[in-house]
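Please keep the sequence and the three-dimensional view at hand while reading.

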Amino acid sequence: MYLLTVIETEVPRRLLEYLSDVYGISGEVRSRFIILDGIFKEFDEIIKRYSNRIFFLKDKLESIEEIAEKLEGKVIRVQAYKNEEYYLDELSRIGIQLSPKEFTHILFIFKKYYGIFPKEFFLRKEFYKKVSKAYYKVYEAVRRFKIPLSKDWTVLDLGAAPGGWTQFFSERVRRVVSVDPAELKVTGKNIVHIKKKAEESLEEIEQYSPYDLIACDINDDPRNVSRLLLKISEFLKENGFLLMTIKLVYKSRKGAERLIRETVDILRDCYEIIGVKWLVTNSKNERCLFGKKV
Ligand SMILES: C[S@@+](CC[C@H](N)C(=O)[O-])C[C@H]1O[C@@H](n2cnc3c(N)ncnc32)[C@H](O)[C@@H]1O
């Protein structure tokens, strides 16, 4: 008996790291596939967004006839890696009921393995509507760093427009104070928008302090942003958290590494750095930093 999940994705290494951080699942990467030991069923928003196809596999594929017995009385959708047409023709030749839409079960075939699962195992790419793609960045960061968000928190969101992070937090905490000179496309009773640059808003920021978390997605040189975050740290509670996107304004690998080091060095004056990760949802030129006020 084999139990494997194979995920086809454009970002195999980062997605495997995500699965390991969030679900403790282990596996290996082979070209653009992740092969996991075991079968999982929860399709969260990151898995949905970053998987092209998923195959759940249970047994060795000996022959089509052998599968036929197990498919009796079911309506089948086929997901095969390569040769899908071949399997569709063969299955219909031996009288299996096939339907890509009104199916009861899905037959996964990947190389020499197959699995028959109820339709809940089929990955549906429906996303709930969010104001910006950035929503998923913070969704992932909170899961990866296990940030203990709580209903009674106040969050300061710097560089908040158009409002993905603000929307995410407003669904989960008491108040979000969002700072950005640009328009916010999200409104809510628990959202305050300070429509100015962060460095020009210290008084207003103080007015709603203290904060449990400072979230910062400002698109500027991260060393400048870090100096600003040192000033603003006085409005953060003791042991309050910092979540920050590091924009890699230097593109070379060495330049990017130096930039991350310098950013961390500046922040260390006020923050303990818990981790810097390249999230699945980060672009090539972004990293995500998580820290805590000390
Ligand atoms: C990548 S976008 C942020 C996306 C946002 N987190 C979301 O979820 O929709 C970067 C934002 O930083 C803002 N920004 C740049 N410099 C800033 C500053 N000094 N103070 C406040 N916001 C700033 C820009 O106006 C821009 O809206």
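A residue is called buried if 20 or more other C-beta atoms lie within 10 Å of its own, and exposed if 12 or fewer do. The model discussed here is predicted. The chain holds 9 helices and 16 strands.

**The chain as a whole**

- Of the 294 residues in the chain, 35% are buried.
- Along the principal axes, the C-alpha atoms fill a box of roughly 75 × 45 × 30 Å.
- Among contacts with a separation of 6 or more, 61% are made by residues 24 or more positions apart.

**Helix H9**

- Helix H9 covers residues 253–267, which is 15 residues.
- From its first C-alpha to its last, H9 reaches 21 Å, close to the 21 Å expected at 1.5 Å a residue.
- The buried residues of H9 are Leu-259, Thr-263 and Leu-267.
- An α-helix has 3.6 residues a turn, so residues three or four places apart point the same way.
- The buried residues of H9 are covered by elements including helix H8 (222–232) and strands S14 (236–247), S15 (271–277) and S16 (286–293).
- The other side of H9 carries the exposed residues Arg-253, Lys-254, Glu-257, Arg-258, Arg-261 and Asp-265.

- Strand S2 (residues 27–30) pairs with strand S3 (residues 33–37) in the antiparallel sense, over 4 bridges.
- Within this pairing, Gly-27 stands opposite Leu-36 in S3.
- The hairpin has 2 residues between its strands, and Ser-31 takes a positive phi near 45°.

Definitions and conventions
Residues numbered from 1 in each chain as written. Predicted model: local features only at pLDDT ≥ 70, side-chain atom pairs only at ≥ 80, totals over all residues. Pairing = 2+ DSSP bridges. Contact = placed C-beta atoms within 7 Å. Expected span 1.5 Å × (residues − 1).
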